[in-house]
Amino acid sequence: MKALQKIKSQFVPLPMENIDTDQIIPARFLKATTRDGFGKNLFRDWRYEQDDSTKPKADFVLNQAIYAGEILVAGKNFGCGSSREHAAWSILDYGFYAVVSSFFADIFKNNALNNGVLPVTVSDAFLQKIFQQPSTATLSINVEEQTITIDASGEQESFELNPYKKTCLLNGYDDIDFLLSKKDTIEKFEKELI
Amino acid sequence: MGKTLFDKIWDQHVVEKIENGPSVLYIDKHFIHEVTSPQAFKGIEQRGVTLFRPKQTIATADHNVPTINQHLPIKDQLSKMQVDQLIENCDKHGVELYGLGHPYQGIVHVIGPELGITQPGMTIVCGDSHTSTHGAFGAIAFGIGTSEVEMVFASQCVLQAKPKTMRINIEGELQSGVVSKDIILYIIAKISASGATGYFVEYAGATIRSLSMEARMTICNMSIEMGARGGMIAPDENTFNYMQGRAYAPKGTLWDDQLSVWKKLYSDEDAIFDKELNIDAWSIQPMITYGTNPGLGMAINASIPLSDTILDEGERKNLIKALQYMGLEEGKSLIGMPIQHVFIGSCTNSRIEDLRQVAALVKGKKKHDLVKVMIVPGSQQVAKQAHAEGLDHIFAEAGFQIRQAGCSACLGMNDDKIPAGTYCISTSNRNFEGRQGAGARTLLASPLTAAAAAITGVVTDIREMIKEKF
């Protein structure tokens, strides 16, 4: 996992609620056996006409040149539905390192963090302020300080991040290495469980 | 202070609590399938480690498999590659696989319970959000991502923050024609698609205790559709009767020993939940969804809400967008609206009891000419039982297409897709845009309501069709 400390970037706004993982990456693209290449199918059915990648839907944000950047900003309950980690992989592969919303579904939040994509939970009011920014606006996210700032106005909010997960994110550590280091403790636990 | 059922099982499985962080939670049983496991196998191979406890993982092929001609090679090359990869991975790493052609093959959340692998007091995970199904046996069961599948491979543990607890008490008698699917659709409509996010739900009360195991599984299955980490029901005589004699269930004195342990699995009277919800069973009617998340549901004889009565702007926009996709109008009732497809299947409603209910309703009747009906048993065992009871004949007589076990049109990964723009009454769990095929319009309902529509060709209030209670 790549370490993530700070992001300063434009953002792509998707002001819709309950964006489920079937929209993020439809099931028919889950047939791969690797983690790579999912970005091209991110939001596939919102992005293209008749499932044809040569026919982008002009009104969808990913197809509008004015929107760019490493931050996706979406309405509440982002990532609900299926546990497919492919949703986090497709977001990362597309080039987003953070998703900002007022509410995240649990499994998506874990999946994102396990892949170095930061879920930033902000208040409804702050989320609306971000949506009102012009497309040229930038946001700054500081993982260490747990803050998100609208650069133009300096308005800032802090967000929650589990201290353990924060250490992982800042250093690019992953949970599997941590668990592998705990094997003796786990074996001891198993003996006591029986 | 007393403990909740959840706390009892959770506390017993915490290997270590990381300071200011999640817990290392020990996992008793791990189910895997072809779609969310290949990257995890690849992951441990790249790290040069082997599966820590391969005997505690059970595999099946379900999401991506065809539901016709399962004895032939899979035509779709990508699907074939994924299923072959599962076979190879299980073989290489010593994991028991109930793949295509095996008499135990089926939807992962159907086979676990029917084989007796799922047991009270266990921690169970699977790379699939509907793992909550197994909670019906008084287990902590929840869906995980592929990185977490890799964690279980490597250490038989996952890192989890302890969720809050919610109890939903349901008391009273159910109306005729109302089944467990209606109960859970009612709850989700009441508290919304995110109403239980951050919580682990225990379903309790006399109504729940009166339900069969199949019915309980349907309820726990859809816990995730209101955002819950999982759902569970305290084990009781129904649970033990269901389990006894199943392939993996303990036998002889081991059974007796386990039984005395399982009987202690309930929430203490003075246990405190972070949230409680009380529901009067009699107020639940047959349900149907009209929107593009499972929270957008209503009593089948009700009218779709008017958008200007919804105060929250986000929710209002959400409803308008959903109705646009669904081609439905606010303020209108769905009763009498023609539908083109009926799908009876999925980990929510593909068990023998579901098939029996459908058969009882359609026996001696024919499906409507303009409706295509697909019925997909949840497992080979369910199909076998249905055949033994002659249910397959009833379905064939009615003009239903009977398929072989798999996830099928619930998520449309294989060829079982609903065409764009058409309406499908589905016993599955999600009505998301494009879930059953690009442009497909899904109306979630119970197997009874689905069967009724198969006969009439229109959205039908089941109570108009039946006299006796199911």
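## Cavities

A cavity is a set of points, on a 1 Å grid over the protein atoms alone, where a 1.4 Å probe fits but cannot get out; lining residues have an atom within 4 Å of a point. Grid points are joined across faces, edges and corners, and a volume is the space filled by probe spheres set on the points. The model is predicted: local features need pLDDT of at least 70, and side-chain atom pairs count only at pLDDT 80 or more, whereas totals for chains, interfaces and linings use all residues. Residues are numbered from 1 along each chain as its sequence is written, chains are lettered from A and ligands numbered from 1 in the order written, and side-chain values use heavy atoms, without hydrogens and water.

There are four cavities of 30 Å³ or more. The largest cavity holds about 210 Å³ of space. Its lining has 23 residues, and those closest to the centre are H63(B), D128(B), H130(B), L411(B) and R435(B). By class, the lining of the largest cavity has seven nonpolar, eleven polar and five charged residues (nonpolar: Ala, Val, Leu, Ile, Met, Phe, Trp, Tyr, Cys and Pro; charged: Asp, Glu, Lys and Arg; polar: the others, Gly among them).

## Largest pocket

A pocket is an open set of points with protein on both sides within 12 Å along at least five of seven lines. The largest pocket has a volume of about 910 Å³. It is lined by 29 residues, of which D106(A), K109(A), N110(A), E160(A) and A161(B) are the closest to its centre.

Eleven residues of this lining are nonpolar, nine polar and nine charged. At least two residues each come from α4 (106-113) and β5 (118-121) of chain A and from α5 (146-155) and β8 (157-160) of chain B. Helices (H or I, at least four residues) and strands (E, at least two) are DSSP runs, numbered from the N terminus. The largest share of the lining, four residues, is supplied by α4(A).

## Packing of α12(B) with α14(B)

Helix α12 (residues 352-362) and helix α14 (residues 391-398), both of chain B, pack at about 50° with their axes 10 Å apart. Axes are lines fitted to C-alpha atoms, for helices over the stretch in contact, and angles run from 0 to 180 degrees between N-to-C directions. α12(B) and α14(B) are therefore oblique to each other (under 35 degrees is roughly parallel, over 145 roughly antiparallel, 65 to 115 roughly perpendicular and the rest oblique).

In contact (heavy atoms within 4.5 Å) are I352(B), L355(B), R356(B), V358(B), A359(B) and V362(B) of α12(B) with L391(B), I394(B), F395(B) and A398(B) of α14(B). This contact has nine nonpolar, no polar and one charged residues.
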